[in-house]
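Open the model in your viewer and keep the selection tool at hand. The stops below say what to select and what is there.

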Amino acid sequence: MLRIGILGIGQMGAPIAAALLKAGFPLSVCDIDRGRMDALAQAGATSREDPGELAAGSDVVITLLTYPKVVEEALLRAGGVLDRLKKDAILI
């Protein structure tokens, strides 16, 4: 089964994460709001400390970030998503 990572678990990301957990997918989450991550961890998700760590452990990475600068930082910085994304992984 594909390991899915969700980067950004706000208004759209949290319900998507809950649905993926309910469907039985192994799920990792990363967000600046620790409380959101803790709530999903109690439901079975794995919390990841940074976007690069999330990417390294995922077959599919879904980004649900709001601002272009935040997306750029998470994806393009050294050690970020694109640096650590596995060769055959899917980025959404």
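Select R48, which sits in the loop between strand 3 (46–47) and helix 3 (51–56). Helices here are DSSP runs of H or I with at least four residues, strands are runs of E with at least two, and both are numbered from the N terminus. This is a predicted model, in which local features need pLDDT of at least 70 and side-chain atom pairs count only at pLDDT 80 or more, while totals for chains, interfaces and linings use all residues. Residues are numbered from 1 along each chain as its sequence is written, and side-chain values use heavy atoms, with hydrogens and water left out.

Now show what surrounds R48: leaving out residues up to four places away in sequence, R48 touches S28, V29, C30, M37, E53 and L54. A contact here means heavy atoms within 4.5 Å.

Next, draw a C-alpha to C-alpha distance from R48 to G24: they are 24 residues apart in sequence and 19 Å apart in space. G24 follows helix 1 and has a positive phi, near 95 degrees.

As background, an α-helix has 3.6 residues a turn, so residues three or four places apart point the same way.

- Select K86, in the loop between helix 5 (81–84) and strand 5 (90–91). K86 counts as partly exposed, because its relative accessibility is 29%. Leaving aside neighbours within four places in sequence, K86 is in contact with R3, A55, A56, S58 and D59. K86 and V60 are 26 residues apart in sequence, with 9.3 Å between their C-alpha atoms.
- Select T66, in the loop between strand 4 and helix 4 (68–76). T66 counts as exposed, because its relative accessibility is 65%. The C-alpha atoms of T66 and R84 are separated by 21 Å, and the two residues are 18 apart along the chain.
- Select A78, in the loop between helix 4 and helix 5. A78 counts as exposed, because its relative accessibility is 66%. A78 and G10 are 68 residues apart in sequence and 25 Å apart in space, C-alpha to C-alpha.

Finally, zoom out to the whole chain. How many helices and strands does the chain have? There are five helices and five strands, and from the N terminus they run β-α-β-α-β-α-β-α-α-β. The C-alpha trace spans about 30 × 25 × 20 Å along its principal axes. Of the 92 residues, 39% count as buried. Among contacts between residues at least 6 apart in sequence, 53% join residues at least 24 apart.

The chain exposes about 5,400 Å², and carbon and sulfur atoms supply 57% of it; the areas come from the Shrake-Rupley method with a 1.4 Å probe, and for residues only the protein chains shown count as cover.

Conventions
Buried means under 20% relative accessible area, exposed over 50%, partly exposed in between (1.4 Å probe, protein chains only).
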